[in-house]
Amino acid sequence: TDYEAAKKQDAREGKDILMDFTGSDWCGWCIKLKKEVFSQEAFKKEAPKHFVLLELDYPRTKQLAPALKAQNEKLRIEFAIQGYPTIMLTDATGKAYARTGYQAGGPESYIKHLAEKAKVRKERDKNFAAAEKAKDNAEKAKLLDLALSKIEEGGIPVLSNYGATVEQIIKFDSDDKAGLKSKYEGLKNKKLARVFLGELNQKINTKKFAEAIKDADAYLARKGIGKEIKQQVAYSKSYAQYNLKDLKGAIATLEVALAFDPESRVGKQIPGLIKRLSDQVNEKSPEKPGPVPAKKDEKKTK
């Protein structure tokens, strides 16, 4: 259960880490995975030959020690865990290279599944080594991008796990001839945008509506921000306006949000919300709940 101890053991024994993000006393698939795979002798005998096994628990009734709870929460955020069980495979430094979850078939099948996932690390390391030897910066950037692309395909947040590598790619493709500088700077901007949106919605949830509107306006005035994020920011701003009883302002903001992308998931919800708010303004219908901040679909690992 100790992450730092797992990394030290990993480095000492030359293994990788298998991180089990679990809800041990409430998550049905977590309980099923432990019963069918992790508790079986075949797994307990074979898996430790290749991995240091680390359990990161998020129980609802069982109490964890404060330090352990804090460690687990920090890792949940760092690895962008959105559902349970999530199994992350990392190297000794904690850099993740594969993500998986529940798999039917028992321990033998699961061990084979993990072996397939481990091939991603071999491919990553091969490209890292080739980039180290390459004399041309453009070639270095392409090889590093190739390594991270395989990682990213597996659902690993490369900015959190490979920030230094991302900065190298941007540096090696400084003229953006390969399009890699713009690619990774775009990822960085999206990450910052997601952080801002989370902070904005937190202010709304704590009823700091006027402050949220001010922050949203400042963000919407910035250049170089993608339409998807701007739409979500405007959508959240309209909710703050609604709570301040500024129905006309909320309608105007929703119209701005709609213009960013009428065909997005959020965009398709907006016309109905505008109608409901317009009906309230015109006193054609009783007051109904206004818009709520847009949320990402929760991913559950199965």
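User: What makes up the accessible surface of the chain, and how much of this surface belongs to carbon and sulfur atoms?

Analyst: In this predicted model, the accessible surface of the chain comes to about 16,900 Å², and 53% of that belongs to carbon and sulfur atoms. Accessible areas here come from the Shrake-Rupley method with a 1.4 Å probe, and for residues only the protein chains shown count as cover. The model being predicted, local features need pLDDT of at least 70 and side-chain atom pairs count only at pLDDT 80 or more, while totals for chains, interfaces and linings use all residues. Residues are numbered from 1 along each chain as its sequence is written, and side-chain values use heavy atoms, with hydrogens and water left out.

User: Why is Lys207 called exposed, and what is Ala80 called?

Analyst: Buried means under 20% relative accessible area, exposed over 50%, and partly exposed in between (1.4 Å probe, protein chains only). Lys207 has a relative accessible area of 66%, so Lys207 is exposed; Ala80, at 35%, is therefore partly exposed. Both residues also have a positive phi without being glycine, about 50° for Ala80 and near 65° for Lys207. Ala80 sits in the loop between helix 4 and strand 3, and Lys207 in the loop between helix 9 (180–205) and helix 10 (209–220), where helices (H or I, at least four residues) and strands (E, at least two) are DSSP runs numbered from the N terminus.

User: How many residues does the chain have, and what share of them is buried?

Analyst: Of the 302 residues in the chain, 44% are buried, and the secondary structure comes to 13 helices and 4 strands.

User: Why is no salt bridge assigned to Asp10?

Analyst: A salt bridge is a side-chain nitrogen of Lys or Arg within 4 Å of a carboxyl oxygen of Asp or Glu. The nearest side chain of opposite charge to Asp10, that of Arg121, is 5.9 Å away, so the buried Asp10 has no salt bridge. Asp10 belongs to helix 1 (residues 3–13), and a polar atom of the Asp10 side chain lies 3.5 Å from the backbone nitrogen of Asp16.

User: Which residues does Asp10 touch, not counting those up to four places away in sequence?

Analyst: With contact taken as heavy atoms within 4.5 Å, Asp10 touches Lys15, Asp16, Ile17, Val52, Thr90, Asp91 and Ala92 on that count.

User: What is the omega of the peptide bond that joins Tyr84 and Pro85?

Analyst: Omega is about -5° for this bond, which is a cis peptide bond, and Pro85 lies in the loop between helix 4 (66–78) and strand 3 (86–90).

Technical notes: Lys and Arg count as positive and Asp and Glu as negative; His and the chain ends are not counted. A polar contact is a pair of N or O atoms within 3.5 Å; within protein, one must be able to donate a hydrogen and the other to accept it, and residues adjacent in sequence count only if both atoms are side-chain atoms.
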